[in-house]
Amino acid sequence: MITGIASIALLLFGVVLTFIIPSNYIDDMNKTYQDGTLSSLIIFMFLVALFEELLFRGIIQNLFFVYTGHQWVAILSTTVLFLVFHIQYYKKPMMLLNITIPSLVFGWVYFKTNNLLVPVFVHSIMNLGTTIMFKYKLISFKK
């Protein structure tokens, strides 16, 4: 249940941002993902989510939790490091908002379910869903 709700909520968040953020505020790399084949997108989006969630939730968030004993301190600290890791977005700071909210959700979902596969799945669905909507012109960047 939580997986479905988080996935749908983050997809809606991405769609809303698409309607309100002008395209010149979007990182150019994010504009090219939809050019790949559907099978390559599925594989790529899953591998990105798997790597990021293993690193950020599986290792870093767990370490922060072990040392602080507070879930939200661990989630917030991990989100800050998640933002630092996405250095390509520093030139387009609006993109940092685009990953802050999802990172908080991934961290919360991980602690709520105690299952690393859940944030991997939610992250994959969010990335893949948004990319497919762009690929098939269901949404487009605001001009």
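Modeller: Let us start with a definition: a residue is buried if its relative accessible area is under 20%, exposed if over 50%, and partly exposed in between. Please keep in mind that this is a predicted model.

Biologist: Why is Phe56 called buried?

Modeller: Phe56 has a relative accessible area of 2%. The cut-off for buried is under 20%, so Phe56 is buried.

Biologist: What makes Phe82 count as buried?

Modeller: The relative accessibility of Phe82 is 3%. This value is also under 20%, and therefore Phe82 counts as buried.

Biologist: Why is the pair of Phe56 and Phe82 called edge-to-face?

Modeller: A search of the whole structure finds five aromatic pairs. In one of them, the rings of Phe51 and Phe85 have centres 6.3 Å apart and planes at 40°. Phe51 lies in helix H2 (residues 38-68) and Phe85 in helix H3 (residues 71-85), so the pair ties together parts that are 34 residues apart in sequence. For the pair in your question, the ring centres of Phe56 and Phe82 are 5.0 Å apart and the planes stand at 90°. An angle over 60 degrees counts as edge-to-face, so that is the name for the pair of Phe56 and Phe82. This pair links distant parts of the chain, with Phe56 in helix H2 and Phe82 in helix H3, 26 residues apart.

Biologist: Which residues do ring pairs link into a cluster?

Modeller: The cluster consists of Phe51, Phe56, Phe82 and Phe85.

Biologist: Why do Phe51 and Phe85 count as partly exposed?

Modeller: Phe51 has 47% relative accessibility, and Phe85 has 38%.

Biologist: How are H3 and H4 packed, and what kinds of residue form their contact?

Modeller: H3 and helix H4 (residues 94-113) pack at an angle of about 145°, and their axes are 9 Å apart. The crossing of these helices is right-handed. Among the residues that meet are Ala74 and Phe82 in H3, and Trp108 and Phe111 in H4. The contact of H3 with H4 has 11 nonpolar residues, five polar and no charged.

Biologist: What makes Ala74 count as buried?

Modeller: Ala74, found in helix H3, has 0% relative accessibility. The limit for buried is under 20%, so Ala74 counts as buried. Leaving aside neighbours within four places in sequence, Ala74 is in contact with Gln61, Phe64, Phe65, Thr68 and Phe111.

Biologist: Why does Asn127 count as buried?

Modeller: Asn127 is in helix H5 (residues 117-135), and its relative accessibility is 18%. This is under 20%, so Asn127 counts as buried. Not counting residues up to four places away in sequence, Asn127 touches Met45 and Val48.

Methods: Residues numbered from 1 in each chain as written. Predicted model: local features only at pLDDT ≥ 70, side-chain atom pairs only at ≥ 80, totals over all residues. Heavy atoms only, no water. Phe/Tyr/Trp six-rings, centres within 6.5 Å; stacked < 30°, edge-to-face > 60°. Helix = DSSP H or I, 4+ residues; strand = E, 2+ residues; numbered from the N terminus. Buried < 20%, exposed > 50% of the residue type's maximum accessible area, 1.4 Å probe, protein only. Axes fitted to C-alpha atoms, helices over the stretch in contact; angles between N-to-C directions. Left-handed = near helix turned anticlockwise from the far one by under 90°. Contact = heavy atoms within 4.5 Å. Nonpolar A, V, L, I, M, F, W, Y, C, P; charged D, E, K, R; others polar.
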